[in-house]
There are 2 protein chains.
Amino acid sequence: MVKVRLHEITIDCADVLRVATFWAGLLGGEPYEPMPGWLRLGSPSGGGPMLNFQPVPEPKQGKARVHLDLLTDDLHATVSRVVALGGRTTGERHDYGEGAVVVLADPEGTEFCMVAYRS
Amino acid sequence: MVKVRLHEITIDCADVLRVATFWAGLLGGEPYEPMPGWLRLGSPSGGGPMLNFQPVPEPKQGKARVHLDLLTDDLHATVSRVVALGGRTTGERHDYGEGAVVVLADPEGTEFCMVAYRS
């Protein structure tokens, strides 16, 4: 049986350095250049997939069909940090029994969710 | 310092069961329903992020701005399996020093890459 596993997640970017700097500021780690023009952010905690930032000529269109869900232990502080790093809030928030989810976007508008469970 | 980490990856779907069944066939594991109408695929090898399949009303538009890169030890067999599971090839393939990357799509056309390193 062939083994297939998740290896990396690639985000298309107009400005690779800008987007990689944002994600490194949020997740930790130091981006490096695996191929000319690309940047890669290793999994800071090890084990998880790496993030690739790939230069593309086309601008973002419509809502991202695939998005990342990040987990934080302090939703308020993390949303502030996202904004300080050049990201933005979308105004969308869902509260449910277990916790809350806030929809955010990186500096190029790529949407992601920040999840916090009730402690 | 607040800790933020990658928790899940969410794929928007018109037909949640169809898409989740495809990804489970490729990665292993058994999808379960964490919320009504959603399906979730736990990380079979543990540690990595889970995949969520979220029902959305809108069809896919344009190329996915965020995509998954999977790693296989047998590119030919894996591409055949993708097609057998209802996915498709896009015809795009890149060969480079370390190995090869083939661009594929799931049953709803969400693009992903299959990477194989030279052994």
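# Exercises on a two-chain predicted model

Strand β1 (residues 4–13) of chain A pairs with β4(B) in the antiparallel sense over 7 bridges; strands pair if DSSP finds at least two bridges between them. Helices (H or I, at least four residues) and strands (E, at least two) are DSSP runs, numbered from the N terminus. The model is predicted: local features need pLDDT of at least 70 and side-chain atom pairs count only at pLDDT 80 or more, while totals for chains, interfaces and linings use all residues. Residues are numbered from 1 along each chain as its sequence is written, chains are lettered from A in the order in which they are written, and side-chain values use heavy atoms, with hydrogens and water left out.

**Exercise 1. Find the bridge partner of A:I11 in β4(B).**

Step 1: go to the antiparallel pairing of β1 of chain A with β4(B). Step 2: read across from A:I11, and you land on B:V66.

**Exercise 2. Describe how much chain B and chain A bury between them.**

Step 1: start with contact, meaning heavy atoms within 4.5 Å. By that rule, 42 residues of chain B touch 42 residues of chain A.

Step 2: turn to buried area, the accessible area (1.4 Å probe) that two parts lose on being put together, summed over both. The two chains bury about 3900 Å², with 55% of it on carbon and sulfur atoms. On the chain B side, B:V4, B:R65 and B:V66 lose the most area to chain A, together 23% of what that side buries.

**Exercise 3. Work out which salt bridges join A:E108 to B:R65 and B:E108 to A:R65.**

Step 1: apply the rule, a side-chain nitrogen of Lys or Arg within 4 Å of a carboxyl oxygen of Asp or Glu. Step 2: A:E108 and B:R65 meet it, with their closest N and O atoms 3.5 Å apart. B:E108 and A:R65 also form a salt bridge, at 3.5 Å from N to O. This pair runs from the loop between β6 (99–105) and β7 of chain B to the loop between β3 (50–55) and β4 (66–72) of chain A.

**Exercise 4. Classify the aromatic pair of B:W23 and B:F112.**

Step 1: rings of Phe, Tyr and Trp (its six-membered ring) pair if their centres lie within 6.5 Å; planes under 30 degrees apart are stacked, over 60 edge-to-face, and the rest tilted. The count is 6 aromatic pairs over all chains.

Step 2: B:W23 and B:F112 are 4.8 Å apart centre to centre, with 55° between the planes, and are tilted.
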